[in-house]
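This report goes through one structure by topic. Please have the sequence and the coordinates open beside the text.

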Number of protein chains: 2
Amino acid sequence: MTVAFCFISSGLSFYYLNGSSQLIGQVECASSNIDINNDKNVPMRLRMEEYIKSLQQLITKEIESLDGKKFKFDHWVRDQGGEGISCILQDGNVFEKAGVNISIVHGKLPEAAVQQMKSRNKEIDPSKGPYPFFAAGISIVMHPHNPYAPTVHLNYRYFEINNEDGTPKTWWFGGGSDLTPSYLFEEDAVHFHKTLKEACDKHDVTFYPEFKKWCDTYFYLQHRGEARGVGGIFFDDMDRKPAEEIFAFVKQCGDAFLPSYVPIIKKRMNMKFGKEEKHWQQLRRGRYVEFNLIWDRGTKFGLQTPGARIESILMSLPLTARWEYMHVPEKNSREKKLMDVLKNPRDWVA
Amino acid sequence: MTVAFCFISSGLSFYYLNGSSQLIGQVECASSNIDINNDKNVPMRLRMEEYIKSLQQLITKEIESLDGKKFKFDHWVRDQGGEGISCILQDGNVFEKAGVNISIVHGKLPEAAVQQMKSRNKEIDPSKGPYPFFAAGISIVMHPHNPYAPTVHLNYRYFEINNEDGTPKTWWFGGGSDLTPSYLFEEDAVHFHKTLKEACDKHDVTFYPEFKKWCDTYFYLQHRGEARGVGGIFFDDMDRKPAEEIFAFVKQCGDAFLPSYVPIIKKRMNMKFGKEEKHWQQLRRGRYVEFNLIWDRGTKFGLQTPGARIESILMSLPLTARWEYMHVPEKNSREKKLMDVLKNPRDWVA
């Protein structure tokens with residue numbers, strides 16, 4: 001059996017476990033010490049762990065109060081080291097399915113795994129492994145019932161390859177957040193992007209334009225020639241600044257999740273809709289499934305990895321989806337308006 | 001632009017076209033000259049083409065008479081050579097979605113494509129290409145409404161790499177047929193396998209046991225540790241006997257489709273069912289989507305190929321599907337009984 005953690009840059013996160021993972025029960029989220037993540041003397045891995053735990057609590061609480069239904073918390077441990085908490089709200093009042101998952105895993109990275117980290121080859125000699133690694137990440141996908149309310153996705157992750165003494169040999173951050181509407185409300189796309197841009201700009205004004213473009217490129221269904229949604233931001237292999245600065249940026253982005261999405265969902269969740277809108281939403285859900293199962297590198301590699309926690313990976317899939325042969329939206333329809341934007345990604349913030 | 005025909009062994013067929021494919025209209029299926037496929041003086045490519053055209057007509061007619069609704073026939077041409085006919089029946093009385101597609105394509109196979117044909121490397125020197133190729137195949141997927149009625153799949157294909165004078169340098173057949181129930185009726189699995197075994201046995205008694213096993217191995221969701229269904233037969237790279245003999249075998253298998261499936265669908269299509277059964281069927285449809293988008297080599301490579309006719313490839317997906325977090329069938333339930341068989345494929349014919 002080989003360690004098979006997936007470090008592939010991805011829209012999802014870290015459930016790519018060696019051997020098997022074990023569910024150790026449904027738990028109430030323990031309260032975390034949110035001071036740690038501000039303490040520069042504490043190793044980054046602990047600070048990231050604390051941050052994603054506190055973010056998970058914050059977001060699940062807020063979404064519960066919005067939905068009226070509670071998340072189910074599943075705490076699992078990994079045989080070879082590490083743990084995760086999967087929080088799922090299914091068949092809620094507002095959300096058909098919402099998942100807020102974290103995982104913190106560590107172990108040894110074998111040669112085969114190191115070989116896959118092409119962009120890291122200069123730093124890591126596969127013949128000298130296996131190397132100790134550490135990874136911590138948070139993944140969110142929320143699919144609302146209302147066809148006018150968009151699906152949202154977020155993922156942030158921190159990765160370390162360690163020396164034998166536990167200090168990082170190399171490290172990087174990755175992640176992003178993007179919005180997938182079935183019907184286009186330009187003001188929603190603008191609000192979402194504006195909130196992310198403001199978070200980016202506080203750290204580096206070059207981030208937003210670069211990561212917006214990266215997101216459009218990554219969340220793209222090549223076989224359809226269309227984007228998954230109206231985008232957001234995405235980045236990977238981020239180590240171009242001191243870890244302290246990137247961590248501060250990642251926290252800013254994580255903290256921007258609720259402000260970027262909650263105003264939108266509140267505006268759309270009670271809008272009246274009919275069969276036609278639900279039908280179109282289901283077709284768009286089909287596209288979401290296509291992206292996640294065909295193109296998303298994290299999902300793909302995770303699913304092909306023995307011992308992965310499949311249910312945590314696939315929480316990203318919608319509750320229901322639909323595929324029709326040769327469905328084409330009518331000219332000048334609202335459905336066609338969305339397709340035009342997906343075919344030609346737009347700049348939402350000047 | 002490169003020729004990017006997909007010759008990967010697959011549960012699906014041949015829509016992996018270079019550049020673009022053009023829909024040239026909806027047509028009534030032309031009547032074919034069924035004598036050609038029995039004439040040994042006619043090149044195999046023409047005989048296979050005639051055979052799959054006649055099989056497509058036979059099957060669509062029979063299924064139409066069963067369903068009461070008509071197939072939509074789409075005839076498309078390939079810029080670089082060849083054509084296809086996609087026949088889809090959607091939202092019928094018996095079938096939620098049924099597709100019977102054929103394609104007959106030819107062109108040049110570039111080095112990159114030849115490189116992928118690993119098992120053929122001994123016969124084909126990539127540095128001496130591009131080689132002319134020819135491929136003809138038929139693909140069928142039928143998803144019935146009734147949760148007690150199983151989904152069925154069939155694919156048979158013939159492939160040639162040609163010399164400059166058009167004679168085959170190398171050739172092979174591939175394909176198979178398999179059954180995917182949501183509820184297990186042992187007698188249905190037995191009938192399906194028995195019909196296929198009888199077809200196999202008429203040509204070689206070693207075929208059925210070998211191809212039954214191959215099918216169980218191929219139509220397998222590795223990430224779930226479960227088979228897609230109760231199997232059938234599957235083979236590829238088949239050139240171990242004279243083409244004449246294998247063609248006769250393939251025709252026998254194709255001809256066995258209706259006898260293998262129609263008695264089952266007739267028995268199940270009007271059975272009474274409730275919400276619970278429909279719900280379980282939808283979850284199983286989700287698994288079907290997972291297999292086709294994650295594991296099926298033909299679908300995967302086809303979708304990643306520029307110019308493929310996406311709608312023909314994805315006709316294999318069900319009309320609707322569902323994913324629930326941590327859904328586990330109850331002990332001793334009928335749902336659990338199916339899962340046990342999917343986890344431990346059974347021999348259905350002694």
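## Basis

This is a predicted model, in which local features need pLDDT of at least 70 and side-chain atom pairs count only at pLDDT 80 or more, while totals for chains, interfaces and linings use all residues. Residues are numbered from 1 along each chain as its sequence is written, chains are lettered from A and ligands numbered from 1 in the order in which they are written, and side-chain values use heavy atoms, with hydrogens and water left out.

## Interface of chains A and B

Chain A and chain B each bring 33 residues to the contact (heavy atoms within 4.5 Å). The size of an interface is often given as the accessible area lost when the parts come together. Here the buried area is about 3,100 Å², with 60% coming from carbon and sulfur atoms; the term means the accessible area (1.4 Å probe) that two parts lose on being put together, summed over both. Glu311(A), Trp323(A) and Tyr325(A) supply 27% of what chain A buries against chain B, more than any other three residues.

Four salt bridges are counted between the two chains (a side-chain nitrogen of Lys or Arg within 4 Å of a carboxyl oxygen of Asp or Glu).

## Cysteines

No disulfide is found in any chain (the term is a pair of cysteine sulfur atoms within 2.5 Å). For Cys215(A), the nearest cysteine sulfur is that of Cys200(A), 11 Å away. For Cys253(B), the nearest is that of Cys200(B), at 4.9 Å.

Are these two residues buried or exposed? Cys215(A) counts as buried because its relative accessibility is 1%, and Cys253(B) is buried with a relative accessible area of 1%. Buried means under 20% relative accessible area, exposed over 50%, and partly exposed in between (1.4 Å probe, protein chains only).

## Met269(B)

Met269(B) sits in the loop between helix H6 (257-268) and helix H7 (275-295) of chain B. Helices (H or I, at least four residues) and strands (E, at least two) are DSSP runs, numbered from the N terminus. Met269(B) counts as partly exposed because its relative accessibility is 21%.

Leaving aside residues up to four places away in sequence, Met269(B) touches Leu66(B), Val94(B) and Asn146(B). Ala149(B) is 120 residues from Met269(B) in sequence, yet their C-alpha atoms are 5.8 Å apart in space.
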